[in-house]
Amino acid sequence: MNRRMRSYYYALLGAIGGLVGWQISDLLGLSFSSNLYMSEALVGALIGLSVGLFIGLTEGALTRNPVQALRSGLFSGLLGMGAGAIGLPLSEYLFQFVGAGIIGRALGWGVFGLLIGLAEGVVGKTQAWKGMLGGFLGGAFGGIMLESVHNWLQDPLTGKAAGLVLLGASVGAFISLITVLLSRAWLEVKSGKLKGTEFMLDKFMSKGFPSIAIGSSPLKSEIVLPDPDIAPQHAMLSGDGMHFNLKDMSLSGTFINNRKIEHVQLANGQRIRMGNTDLVYHEKR
């Protein structure tokens, strides 16, 4: 999945999450308590759970890794639930008492997006601060759109639905965009079932970070390539703070620019072949 399409799918899944969150809160009733902030916290938790769950599923779905999709979806959904429970009452507080108006709403939803971005950073393949930055910007921008659409449309339910769809799409899109724009290293799949997919590697470059496996098994490898000629745990990737080192762990071999290797330091533009799958390593300085 190329970079533009990656952001498109993040936005799409985020929008679906916003729509599902609105449907659930609408079916259960938009007011759960006579206390305004308690009611807002409960509604926010439902919306956050839905948006976080769907955004969390995206990376695993794009890379056809059901284990990662399930783990990321559940973790992001739970953190999103906490984010919504905090963000929506916070936006209401700023709106009611500080007189911040739409800016207060934007800050509240920015906190919401920040925590969902944190979840993506923890369970995904990017650095947490990039996910948090993208989530905050997406939440703030989405909060402004939510409030604007809600005020523009005469039907409050329609306005809320449209606003939450835009909010979810904004959070998802900004998390992906910031991650892509600030990425330092990534693997691009050039052939095979995942052709066009990119695996972000920034999170694993730090010296002392545990090595990660590349292989065909979602239970044994962090980067999963669905190729029967690739071993379940085919190669190990480790960072030294500046570069990545690749170590072959297979019987069939790992090839760099058509040369079989045992252990090599990767350089920008090198072509890697495992089984019948070709990848290109990209690095920005």
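Mentor: Start with a definition: contact means heavy atoms within 4.5 Å. Keep in mind that this is a predicted model.

Trainee: Leaving aside neighbours within four places in sequence, which residues is Ser211 in contact with?

Mentor: Met236, Leu237 and Ser238, with those sequence neighbours set aside. Take Ser238: its C-alpha lies 4.5 Å from that of Ser211, yet the two are 27 residues apart in sequence.

Trainee: Where is Ser211 found?

Mentor: In the loop between E2 and strand E3, which spans 212-215.

Trainee: Why is Ser211 called partly exposed?

Mentor: Buried needs under 20% relative accessible area, and exposed needs over 50%. Ser211 has 38%, so it is partly exposed.

Trainee: Now the helices. How are two packed helices described?

Mentor: By the angle between their axes and the distance between the axes. For H5 (residues 128-152) and H6 (residues 156-181), the axes come within 7 Å and cross at roughly 160°.

Trainee: What makes H5 and H6 roughly antiparallel?

Mentor: The cut-off is an angle over 145 degrees. Their axes cross at roughly 160°. H5 and H6 are therefore roughly antiparallel to each other.

Trainee: Is the crossing of H5 and H6 left-handed or right-handed?

Mentor: H5 passes H6 in a right-handed crossing. By class, their contact has 15 nonpolar, eleven polar and two charged residues.

Trainee: On to the sheets. What is the strand order in the open sheet of five strands?

Mentor: E4-E3-E5-E6-E9, and the pairing is mixed.

Trainee: Why are E4 and E9 said to stand at the edges?

Mentor: Strand E4 (223-224) and strand E9 (263-265) each have a single partner strand, so one side of each lacks a neighbour in the sheet.

Trainee: How do you know that E6 and E9 pair?

Mentor: Pairing takes at least two bridges. Strand E6 (residues 244-248) has three to E9, and the two run antiparallel. Leu246 stands opposite Val264 in E9.

Trainee: What is the order in the open sheet of six strands?

Mentor: E2-E1-E11-E10-E7-E8, with antiparallel pairing. Neighbouring strands there are turned by 30° against each other on average, direction ignored.

Trainee: What makes E1 and E11 a pair?

Mentor: At least two bridges are required. Five join strand E1 (residues 185-189) to strand E11 (residues 277-283), and these strands run antiparallel. Glu188 stands opposite Val280 in E11.

Notes. Residues numbered from 1 in each chain as written. Predicted model: local features only at pLDDT ≥ 70, side-chain atom pairs only at ≥ 80, totals over all residues. Heavy atoms only, no water. Axes fitted to C-alpha atoms, helices over the stretch in contact; angles between N-to-C directions. Helix = DSSP H or I, 4+ residues; strand = E, 2+ residues; numbered from the N terminus. Parallel < 35°, antiparallel > 145°, perpendicular 65-115°, else oblique. Left-handed = near helix turned anticlockwise from the far one by under 90°. Nonpolar A, V, L, I, M, F, W, Y, C, P; charged D, E, K, R; others polar. Buried < 20%, exposed > 50% of the residue type's maximum accessible area, 1.4 Å probe, protein only.
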